[in-house]
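Grab a pencil and work through the exercises with the model open beside you. Try each task before you read its solution.

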Amino acid sequence: MPVLIPRSVDELVDIFQEHPAAKLLAGGTDYMVEVNLHGRKPETMISLRQVKELSEWSVRSTQRSITIGAGLPYADMEHGEIARLVPALAQAARTVGSPQIRAAGTLGGNLGTCSPAGDSLPVLAALNATIHVIGPDGNRDVEFSDFMIGVKKNSLRPAEFVHSVSMPIVDGWQGYAKVGTRNAMVISTASACLVRDSDEGIVSIALGSVGPTVIRCHGAETWLMKTMSLRAESTLDPVVAQEFGQRVAQESRPIDDHRSTAEYRRHAVGVLAQRLLLRSFS
Amino acid sequence: MSINIPVSGQSNEIYSLSVNGQVHQVKDAWIGESLLYVLRERLGLPGSKGACEQGECGSCTVIVDSKAVCSCLVMAADAVNTEILTVEGLGPNGALTDVQSAFLSEGGVQCGFCTPGFIVAVHHLLESNPSPTDDEIREALSGNICRCTGYGRILEAVRTVADQRRTNS
Amino acid sequence: MSTTSASTALRHGTLGTSASRPDGVAKVQGGFAFSSDMWADNMLWGATLRSPHPYARIVAIDVSGAYAIDGVVTVVTAVDVPGKLTYGLIVQDQPVFAAIGDTVRYSGEPIAAVAADHPETCQRALAAIKVTYEVLTPVTDPEDCIAGVAEQIHPDGNIFRHQRIVSGDTSVVGAVQVEGEYEIGMQDQAFLGLESALAIPDSNGAGLEMYVATQWLHEDRKQIADCLNIPEENIRLVLGGVGGAFGAREDISLQVHTALLAMKAGRPVRISYGREESFYGHVHRHPAKIWMKHHADLNGKIVKIESRMVFDGGAYCSTSPAVLINGITHTQGPYKCDNAIVDGWAVRTNNPPCGAMRGFGVVQACFAHESQMEKLAAVVGVSPVEIRLLNAMETGDRMITGQIMDSVAPVAQCIRETDAIPMPAPLENNADLRTIPGGTGLTAQPSNIRRGVGWGVSIKNLMYSEGFDDFSTARCRISNGVVTIKFATSEVGQGFTMLAQQIARTVLGVDEVILDTIDTQVGSAGSTSASRQTWMSGGAVQVACQAALAQLFDHVATKFEMTRSELEIDGTDIVDRLTQRRVTVSEAISEIEIDCTEEYHHPPTEDLDENGQGNCHVAYAFVAHRAVVDVDPELGLIKVVQIATAQDVGRVLNPLAAMGQIEGGIAQGLGLAVMEEIIVKDGKVRNPSFTDYLLPTFLDSPTVEMVFIEEHEPKSPLGAKGIGEPPCISVTPAIANAIRQAVGRELPRVPIRPYDICL
């Protein structure tokens with residue numbers, strides 16, 4: 001029962017193909033909790049620590065997109081150029097766990113676990129991120145909405161892994177908000193990411209922790225875009241913002257659990273949506 | 001390259017970890033052992049503490065390749081080829097670091113269970129941010145739980161070290 | 001000898017100075033041995049099998065599967081208990097292990113324990129033990145028990161204690177009446193230093209040595225001896241380093257299990273709990289429902305209080321009867337009250353067992369009475385400060401138990417000094433987002449925030465009550481010029497070992513004081529609880545040192561031809577007051593052997609009669625809290641901005657340590673106010689982890705501004721009162737009152753949830 005340590009993406013592809021039942025280990029911030037607390041018995045592990053390419057990121061300015069490696073820790077997304085280009089991602093990254101968790105946790109991990117409470121996922125959904133997947137049959141690109149298919153279920157096939165994630169660089173405003181019961185180290189009770197592309201006049205809003213998957217509120221988005229212009233020179237009527245919030249809330253499908261109630265979660269995402277929209281115009 | 005570690009302890013496989021500048025051999029280990037477990041139970045370094053085993057308290061904070069992480073969430077066998085620094089390695093030869101002295105002089109230690117994790121996290125904070133504001137201190141240490149002090153004296157200890165380092169530089 | 005007089009400034013390390021902790025260096029270097037840092041050669045690991053069901057009959061237990069696993073050495077169940085099958089602090093009703101034919105009464109109740117070569121082997125062994133349960137419907141509503149309609153879930157019945165207080169003229173009715181039904185959720189002590197014990201059997205099999213983190217070594221030893229059928233003198237308990245306690249280590253958790261495994265295996269055994277097991281393995285704070293009605297005149301002066309309190313004690317008795325008494329006897333709060341009628345119940349259910357937690361019943365009563373005071377102020381039309389000053393208790397007042405308040409009682413002063421502390425600056429439009437509700441979650445901006453201010457004032461009894469003689473013991477030895485102090489007092493982080501050295505330095509005039517091992521080889525020190533150790537164990541150390549000093553003076557008078565009756569300590573010298581001749585203490589102790597063991601007892605207390613009348617408490621301490629809280633009314637998120645407090649401490653013995661206790665207690669009270677609760681549904685715990693049992697982080701903690709009210713308590717041996725509990729008691733209703741002011745809601749339950757505020 002080995003711990004396998006590839007040193008390149010190519011090695012990783014080969015090793016994973018040979019051991020398709022193996023578990024990929026990056027930051028360990030989800031997996032080791034399973035081992036420590038929930039009786040998970042590790043068998044074959046593939047360590048990603050030495051595959052440096054997975055921690056790289058790059059910008060394609062001509063295509064106005066940024067690609068972030070699946071192994072880049074959240075701590076590296078909070079500041080600097082990534083924060084300037086994708087501020088909502090930086091904001092979400094800053095709320096992940098604790099500084100110690102952020103030093104180890106990765107987008108690849110968030111996507112691998114695919115929890116509806118995954119902090120980065122509403123950002124990826126709102127930005128229509130593309131997940132770059134590599135597997136024994138080669139590379140394929142998966143839209144976020146096709147990647148997350150259920151509670152803790154993604155559409156990766158055997159021996160496939162997430163290599164990187166690409167997001168557009170948007171002109172306009174984007175923001176993230178996350179509700180938790182204390183002011184640090186919280187699993188989100190409800191979260192939202194809103195992107196206003198003031199060039200194209202498009203808005204997108206995605207919600208976390210209020211459904212089995214991250215929810216894109218297409219209904220509310222369509223309604224807003226029909227009701228008003230989202231281009232740069234437009235202004236926002238607070239009444240419209242309020243109704244936008246209510247429509248977003250209606251599209252949520254939250255449940256009651258020990259952390260919170262469905263009623264509160266529905267209410268909260270409505271408030272977040274309203275506030276994010278107001279901020280996008282201020 | 002691979003390390004063969006069986007599910008339950010009968011193995012002749014050995015892997016090495018570099019901790020506080022020293023190389024240690026780990027053998028007869030179970031693959032699921034966290035770095036925290038190996039440090040404490042196999043390498044004779046019980047300074048790092050476990051209070052939750054899920055990264056929610058920071059008592060197990062160590063430095064791995066210059067990053068402050070929760071050692072309970074690091075699979076020990078995955079930490080080969082890294083440089084690990086624990087509380088025991090901060091002030092060599094029994095001498096106290098300025099951070100350790102300040103925790104004592106400012107009353108930042110009560111039961112002491114969270115203390116090693118805090119000491120490591122504070123060293124890490126001040127290395128990257130020598131003059132943190134109070135809010136920066138709070139956020140940087142928001143992953144370290146203390147149940148005894150209410151954080152007031154710990155905040156004062158960090159301020160004290162930052163001031164001292166500024167004066168001495 | 002010299003004739004120069006010593007400095008009048010406080011000598012570093014004596015009483016009144018911020019002396020250094022003797023364990024401090026080890027703690028900051030990671031070298032301090034907590035009980036979970038202890039190993040022995042040939043040691044085995046132990047682990048416990050627990051019932052998932054809150055109420056079930058055990059039909060069969062089959063441990064053969066565990067024995068079939070490589071590395072498992074032994075398994076124990078109820079049939080392996082050689083002595084008493086049950087234990088407990090007041091009533092011994094809690095089984096060491098649930099037995100075949102009997103029932104388990106809470107989710108988490110122990111059924112068996114294993115010892116094996118690796119913690120992982122232990123987990124596999126536990127998984128291989130087959131227990132057949134007949135699952136029963138748990139009793140979870142205390143009201144059903146009080147009404148007598150619930151199934152009796154234990155032969156002793158479902159009522160731990162029922163006690164009334166009837167005081168004065170109960171027919172009095174106030175022109176003004178306010179009432180409320182208040183609810184306090186189940187808080188957990190959540191100390192960081194997880195439970196751990198290491199038991200090493202004697203080679204002759206007649207006894208054992210155990211290293212354990214606990215609050216009361218002697219009480220643990222007694223229960224282990226009873227269950228193992230071993231004489232107490234064959235059991236030596238040594239205090240392993242304690243990572244916090246807050247009441248959760250007063251009851252037995254893993255002590256008997258560890259001892260049993262070690263004796264049966266004939267090898268050292270260590271059991272160390274993980275966090276989830278810790279939540280199941282110790283008692284919690286009693287959840288309570290309290291109805292209270294205050295009658296007052298038109299000015300707001302209280303004329304009568306009525307209350308009914310129900311404490312849910314869970315499956316086993318623990319200290320529920322005492323918690324109840326504390327709760328009901330503190331109904332009136334720190335206020336004058338001539339007439340009262342209180343009905344109190346402590347009840348057994350299949351919910352998790354509850355017992356001691358910092359505040360011990362008074363937290364619950366205080367939440368009710370301080371919520372009431374705020375209502376009363378509003379109805380009468382005066383400020384929260386005015387209503388409390390109007391009613392403030394004083395020394396000499398008669399309490400609703402008939403006891404006369406004979407402690408120093410500076411209630412009005414606590415309130416005024418708190419009120420004089422400057423308010424924090426108002427929230428700015430450009431405030432750092434980490435300082436507003438929601439923090440880095442970016443849920444709000446300053447314009448979304450409303451600020452509220454709230455008050456809480458409390459009284460808390462010190463030491464044990466109702467006739468219990470919770471004495472303490474200390475031993476002072478002087479030998480080869482070295483002073484050594486020995487005691488069994490549990491140091492849990494509060495700083496008693498530091499205080500003991502301060503006392504010895506002050507009394508004996510030395511700088512160096514050695515502390516002997518904390519173990520059962522000296523008399524009992526009582527429990528580290530009830531804010532009692534400074535008074536009781538500090539008193540014992542002082543008495544032991546004074547006894548040693550007396551013998552030293554005898555020796556000095558003879559040897560140095562000085563007048564015995566004129567000798568006193570001056571700094572580090574012994575001086576004859578008349579002649580001013582002096583000799584250094586270090587010279588005086590260099591050639592003498594002294595060994596004094598002394599007990600310290602507090603004045604006796606009484607039981608309460610059937611009307612709750614009796615001098616049942618020893619002494620009291622008081623504190624006022626003012627909370628400033630920012631609230632996001634739409635999302636219900638909060639940030640406590642500032643806690644201002646003036647606490648009646650008697651005398652500050654160590655300023656830094658006192659600050660630490662007050663700030664730490666405030667954080668725990670804050671936790672109960674807004675985030676901490678063990679969520680129980682149908683007897684099952686829903687959140688036994690730190691992801692969902694939330695403790696305040698650095699970003700949740702407020703600025704604390706404090707004033708020490710130092711009016712020496714003449715009854716206290718050091719002039720100081722216990723300070724550990726008061727800080728966590730009235731801060732909870734102060735925060736609740738602040739939130740109530742910000743959003744205009746009653747919020748009768750703590751912890752206050754976001755949906756309570758905004759939906």
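The exercises below go from domains to chain contacts to packed helices, each with a worked solution.

This is a predicted model, so to speak of its ground rules: local features need pLDDT of at least 70, side-chain atom pairs count only at pLDDT 80 or more, and totals for chains, interfaces and linings use all residues. Residues are numbered from 1 along each chain as its sequence is written, while chains are lettered from A and ligands numbered from 1 in the order in which they are written.

**Exercise 1. Domains of chain A**

Find the domains of chain A and describe the side of domain 1 that touches domain 2.

Step 1. Start with the bounds: chain A has domain 1 (3–168) and domain 2 (172–280), with bounds taken from an automatic or database domain assignment.

Step 2. Now the spacing: the C-alpha centres of these two domains of chain A are 24 Å apart.

Step 3. Next, who takes part? Domain 1 of chain A puts in 22 residues and domain 2 of chain A puts in 23 residues; two residues are in contact if their C-beta atoms, placed from the backbone, lie within 7 Å.

Step 4. On the domain 1 side, helix H4 (87–95), helix H7 (121–126) and strand S8 (148–150) of chain A each give at least two residues. Helices (H or I, at least four residues) and strands (E, at least two) are DSSP runs, numbered from the N terminus.

Step 5. Sort that domain 1 side by class and you get 14 nonpolar, seven polar and one charged. The classes go like this: Ala, Val, Leu, Ile, Met, Phe, Trp, Tyr, Cys and Pro are nonpolar, Asp, Glu, Lys and Arg are charged, and the others, Gly among them, are polar.

**Exercise 2. Domains of chain B**

Step 1. Twelve residues of domain 1 of chain B meet ten residues of domain 2 of chain B.

Step 2. Strand S4 (residues 61–64) of chain B gives the largest share of the domain 1 side, three residues.

Step 3. By class, that domain 1 side of chain B has six nonpolar, five polar and one charged residues.

**Exercise 3. H2(B) against H3(B)**

Describe how H2(B) and H3(B) pack.

Step 1. Get the geometry: helix H2 (residues 98–105) and helix H3 (residues 115–128) of chain B pack at about 130°, axes 9 Å apart. Axes are lines fitted to C-alpha atoms, for helices over the stretch in contact, and angles run from 0 to 180 degrees between N-to-C directions.

Step 2. Name it: that angle makes H2(B) oblique to H3(B). Under 35 degrees is roughly parallel, over 145 roughly antiparallel, 65 to 115 roughly perpendicular, and the rest oblique.

Step 3. Check the hand: H2(B) and H3(B) cross in a right-handed way. A crossing is left-handed if the near helix is turned anticlockwise from the far one by less than a right angle, and right-handed if clockwise.

Step 4. Pick out the residues: Val99(B), Gln100(B) and Phe103(B) of H2(B) meet Thr115(B), Ile119(B), Val122(B) and His123(B) of H3(B). They divide into four nonpolar, three polar and no charged.
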